[in-house]
Amino acid sequence: HSSRSHSVFSVHVTCHDLLRGGTAFGKMHLVDLAGSERLSRTGATGERLTEAKNINKSLSALGNCISALASKSKHTPFRDSKLTHLLQDSLGGESKA
């Protein structure tokens with residue numbers, strides 16, 4: 001099995017205030033992105049080529065989302081990859097860096 005992939009570790013926390021009766025929710029994603037490859041230089045074939053294409057596609061989708069958010073575009077393409085869809089609520093809205 002290849003180790004070339006993105007890794008996402010998600011922590012979800014729910015805090016109940018027993019004295020005041022309130023509830024707070026939090027979520028944190030720790031993300032390790034695989035590096036992109038220039039396919040023409042690596043000479044990858046078969047499964048490795050498919051894997052490299054998928055990695056490059058998801059990194060490109062992440063860049064497109066960040067660009068759309070930075071330019072305050074009306075549409076942010078979060079559904080273009082599983083990675084951006086998973087990180088949607090952390091990239092936009094009320095997310096904190």
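Hi everyone, a definition to begin: buried means under 20% relative accessible area, exposed means over 50%, and partly exposed lies in between, with a 1.4 Å probe and protein chains only. By that rule, Thr76 counts as buried because its relative accessibility is 16%.

Some housekeeping before we go on. This is a predicted model, where local features need pLDDT of at least 70 and side-chain atom pairs count only at pLDDT 80 or more, while totals for chains, interfaces and linings use all residues. Residues are numbered from 1 along each chain as its sequence is written, and side-chain values use heavy atoms, with hydrogens and water left out.

Now the overall picture. The protein has four helices and two strands, and along the sequence they run β-β-α-α-α-α. The radius of gyration is 18 Å, well over the 13 Å that the globule rule gives for 97 residues, so the protein is more spread out than a compact globule. For those terms, helices (H or I, at least four residues) and strands (E, at least two) are DSSP runs, numbered from the N terminus. The radius is taken over C-alpha atoms, and the rule is 2.2 Å times the number of residues to the power 0.38. Along the principal axes, the C-alpha atoms fill a box of roughly 60 × 35 × 20 Å.

How much of the protein is buried? Buried residues make up 22% of the 97. The protein exposes about 7,700 Å², with carbon and sulfur atoms supplying 53% of that; the areas come from the Shrake-Rupley method with a 1.4 Å probe.

On to contacts, meaning heavy atoms within 4.5 Å. Among those between residues at least 6 apart in sequence, 35% join residues at least 24 apart.

Let's go back to Thr76. Where is it found? Thr76 sits in the loop between helix H2 (46–70) and helix H3 (82–86). Leaving out residues up to four places away in sequence, Thr76 touches Cys65, Ala68 and Leu69. Ser58 is 18 residues from Thr76 along the chain, and their C-alpha atoms are separated by 14 Å.

Cys65 is buried, with a relative accessible area of 0%, whereas Cys15 counts as partly exposed at 45%. How many disulfides are there? A search of the whole structure finds zero, a disulfide being a pair of cysteine sulfur atoms within 2.5 Å. Thanks, everyone!
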